[in-house]
Amino acid sequence: MATDSPVPRLSLGTWQNTEFDQCRESVRTALELGYRHVDTAELYENERPVGAGIAAADVPRESVYLATKVLHPRATEDVTRASIRAAVEGCLDRLGVDAVDLMYVHWPADYDLELVHGTLADLRDDGLLDGVGVSNYEPRHLETALDVDPDIVANQVELHPLLPQAELRKRCADFGVDVVAYAPLAHGDVFDVPELETVAEKHGVSIPRVTLAWLRGKGVAAVPKATSEAHIRDNLASRDLELADEDVATIDGIERTERFFDPDYAPEW
């Protein structure tokens, strides 16, 4: 974890949560139960209900760490200073906010990263965003980005017990960049991992709670998707679970490795 990271350790993931009322209510419920970090993206097509959920919650906007993402290859044709500004302003408009706490570059793709990060740094200076993050960046991309903007906050990557990303976590720590885990429950496959089941049974808790506690112990912020109040509560309860060293060793010893997100525009991992 980066020193003095502003990123709360547990976020509400909203990927594929596109039904307006459900998304709004899951965001509102999560915030009122104690979450203070919400994650979305331009590509998710749910920024409007996410913003509505934040507005509906009995929680001040300034208490919510709001993150979104731009520059996904599936939604980006032209990358210029003007198009990046327009994308960021579009996110703010849909979310109904004046600024976001963290704006990620969704994928590095074939973009001119010097142009991208120079522009985002200027937008931060203009007050449209408080922090700049990156997503799916390998160390080589991160080095280029940091040369342009040394104040990058976080790198959001696929990370879970089946893809612990130890080397990437180490490099991010060296750079002073926080690590945020998407798909922290391995796209649901954590339920099929005997080592996680063993630790969960030992503590009398759910496998997701164990997984999220393991990530927290690694200094990683996690973004599990949840829509029901029961799952939101269970994920939140992971903050109270402390794993013993032997539990961590059991999970670290998982030999199965699997990456679930490897599209054709992904970098060479």
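Me: What share of the contacts in the protein with a separation of 6 or more comes from residues 24 or more positions apart?

Reply: One begins by asking how far along the chain the partners of a contact lie. In this predicted model, residues 24 or more positions apart supply 77% of the contacts with a separation of 6 or more.

Me: Which secondary structure elements make up the protein, and how many of each are there?

Reply: The protein has ten helices and eight strands. Its radius of gyration is 18 Å, close to the 18 Å that the globule rule gives for 269 residues, so the protein is as compact as a globular protein of that length. Taken along the principal axes, the C-alpha atoms fill a box of roughly 55 × 40 × 35 Å.

Me: How should I read burial and surface for the whole protein, and what percentage of its residues count as buried?

Reply: A residue is called buried when its relative accessible area is under 20%. By that criterion, 54% of the 269 residues of the protein count as buried. The protein exposes about 11,700 Å², and carbon and sulfur atoms supply 44% of that area.

Me: How many positive and negative charges does the protein carry, and how far apart are their mean positions?

Reply: There are 25 positive and 51 negative charges, and their mean positions are 3 Å apart.

Me: How many disulfides does the structure hold?

Reply: A disulfide calls for two cysteine sulfur atoms within 2.5 Å. The structure holds zero disulfides. C23 takes part in none, as the nearest cysteine sulfur, that of C91, is 14 Å away. For C91, likewise in no disulfide, the nearest cysteine sulfur is that of C23, 14 Å away.

Me: Are C23 and C91 buried or exposed?

Reply: C23 counts as buried because its relative accessibility is 0%. C91 counts as buried because its relative accessibility is also 0%.

Me: Is L71 buried or exposed, and which residues does it contact?

Reply: L71 counts as buried, because its relative accessibility is 3%. Leaving aside neighbours within four places in sequence, L71 is in contact with E42, T76, V79, I84, V105, H106, W107, Y111 and V116. A C-alpha distance gives another kind of reading: the C-alpha atoms of L71 and V88, 17 residues apart along the chain, are separated by 9.5 Å.

Me: How might I read a residue within a helix, for instance I54, and which helix holds it?

Reply: One takes the element, then the accessibility, then the partners. I54 is found in helix α2. I54 is buried, because its relative accessible area is 6%. Not counting residues up to four places away in sequence, I54 touches V27, L31, V59, R61, V64 and L66. I54 and N155 are 101 residues apart in sequence and 24 Å apart in space, C-alpha to C-alpha.

Me: Which residues does H141 touch, and where does H141 lie?

Reply: H141 lies in helix α5 (residues 139–148). Not counting residues up to four places away in sequence, H141 touches P108, L113 and P267. H141 counts as buried, because its relative accessibility is 12%.

Me: Where is the place of S63, and how far is its C-alpha atom from that of D151?

Reply: S63 is in the loop between α2 (47–56) and β3. The C-alpha atoms of S63 and D151, 88 residues apart along the chain, are separated by 22 Å. S63 counts as partly exposed, because its relative accessibility is 34%.

Technical notes:
Residues numbered from 1 in each chain as written. Predicted model: local features only at pLDDT ≥ 70, side-chain atom pairs only at ≥ 80, totals over all residues. Heavy atoms only, no water. Buried < 20%, exposed > 50% of the residue type's maximum accessible area, 1.4 Å probe, protein only. Helix = DSSP H or I, 4+ residues; strand = E, 2+ residues; numbered from the N terminus. Rg over C-alpha atoms; globule rule 2.2 N^0.38 Å. Contact = heavy atoms within 4.5 Å. Areas by Shrake-Rupley, 256 points an atom, 1.4 Å probe, with all protein chains shown as cover. Lys, Arg positive; Asp, Glu negative; His and termini not counted. Charge placed at Lys NZ, Arg CZ, Asp CG, Glu CD.
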